[in-house]
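Me: I'd like to learn how to read a protein model, one feature at a time. Can we go through this one together?

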Amino acid sequence: MLAAVVKRPGELVIEQVEKPVPGPRQFLIKTLAASICNATDNHILEGIFDGYHDRYPQILGHEVCGRVVEVGSEVTEVKPGDRIAMYTPYGAFAEYVPVDADGYGYAMVPENVPDEVASICEMFDGAFRSTIACAEVKKGEKILIVGAGPMGLTAAAAAVACGATVAVTDLYQNRLDKALEMGASFAYNRSEMSSEEILQALMRDLGPVDTACMCIALDRSRENDAFYLPVEALKENGRMTGLCVEVKLKDHNHWMNPFHLTRKNIKFRHNLERPGTVADFQRGYDMVGEGKIPMEKLITHRIDLDGLPWALDLCHNHPDQCIKVVVYPKRSEERKGEPV
């Protein structure tokens, strides 16, 4: 089968690899659409991801929607023809992906959700299952999202769907505009305003927030003070969570003064009130199917495997020009005449 393989840090090739054979408690999906994780896929390519994706060689990508084509002898949970979406540790940029029936979990894709939208909904794993859902965000709460990349935008839209009033801050205006389009009430440009100016505007517009969600992997602000704003914006006994609590990089550049956490008695952890569940993951997909979260608005580009080097660079170095890139596991000549 055709796959995009990172041979070693910095070396990405499109090549034929052996098609997976599912074990007794595995099943196989044919990839319908996958999508680039703007941060992690680039971190893996660069060799700076610290953890379960630091092995080489490996098939790149982890956001995938596929149709079940083969099931192991002990699998009863799915059947051939079912359409699922998930996070995969086995690589998404390939024609076929093996799935562990007892693994991290997957969602059944509602009929009215397109393949490419289902693939980007994998972001519900981090941006809903492990943040908004497990924080038990409720109607009427005030939420600050720091970072309006794809994950931050997904978290913002999920919080809005739960009935919260959402404010977002980011360095890029295209992403702030998209946050407002996804339902956020307020958006502040960190490249044009200092943390103090944003804090003043936030207190005027929204007041102290109940929960702050850090949806960044690296702090790109000039002052490296991305944590200052949410801690100051939180109310007494507020809560703070986000992707940065779990994502592992070899060169984190975050800093914060722990005094500000303790003086407000802020609860700061990845799973806030309870662990996220597979049911939370499925709930995200169901909300998309019900029209409550417009994930389709995040897609800005569509590519074949041949376009991966260009698209990875676009996501990493030109965030002002893209949000989410969908990947189809074919070479360009195989899709001649098909829309991309």
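This is a predicted model: local features need pLDDT of at least 70, side-chain atom pairs count only at pLDDT 80 or more; totals for chains, interfaces and linings use all residues.

Me: In which sense do strand 12 and strand 13 pair, and over how many bridges?
Reply: The general idea is that strands of a sheet pair through backbone hydrogen bonds, either parallel or antiparallel. Here strand 12 and strand 13 (residues 234-242) pair in the parallel sense over 5 bridges. Strands are DSSP runs of E with at least two residues, helices are runs of H or I with at least four, and both are numbered from the N terminus. Two strands count as paired if DSSP finds at least two bridges between them.

Me: What is the strand order in the open sheet of 6 strands?
Reply: The order is 11-10-9-12-13-14, with parallel pairing. Strand 11 (186-189) and strand 14 (267-268) are the edges, each pairing on one side only. Strand 9 (residues 142-146) pairs with strand 12 (residues 209-214) over 4 bridges, in the parallel sense. Across that pair, Ile143 stands opposite Thr211, and Val146 has Met214 as its bridge partner.

Me: Is strand 12 mostly covered or exposed?
Reply: Mostly covered: 6 of its 6 residues are buried. Buried means under 20% relative accessible area, exposed means over 50%, and partly exposed is in between, using a 1.4 Å probe and protein chains only.

Me: How many salt bridges does the structure hold?
Reply: In general, side chains of opposite charge can pair when their charged atoms come close. A salt bridge here is a side-chain nitrogen of Lys or Arg within 4 Å of a carboxyl oxygen of Asp or Glu. The structure holds 21 of them. In one, the side chains of Glu116 and Arg302 meet at 2.8 Å, N to O. That pair links distant parts of the chain, with Glu116 in helix 2 (residues 115-120) and Arg302 in strand 15 (residues 299-304), 186 residues apart.

Me: Why does Glu116 count as buried?
Reply: Because its relative accessibility is 13%. Arg302, at 36%, counts as partly exposed.

Me: Which residue forms a salt bridge with Arg239?
Reply: That's Glu273, with the closest N and O atoms 3.2 Å apart. Arg239 sits in strand 13 and Glu273 in the loop between strand 14 and helix 9 (278-289), 34 residues apart. Arg239 is buried at 12% relative accessibility, whereas Glu273 is partly exposed at 36%.

Me: Which residue makes a salt bridge with Asp306?
Reply: Arg331 does, at 2.9 Å, N to O. Arg331 lies in the segment after strand 16 (324-328) and Asp306 in the loop between strand 15 and helix 10 (308-317), so the pair ties together parts 25 residues apart in sequence.

Terms used
Residues are numbered from 1 along each chain as its sequence is written. Side-chain values use heavy atoms; hydrogens and water are left out.
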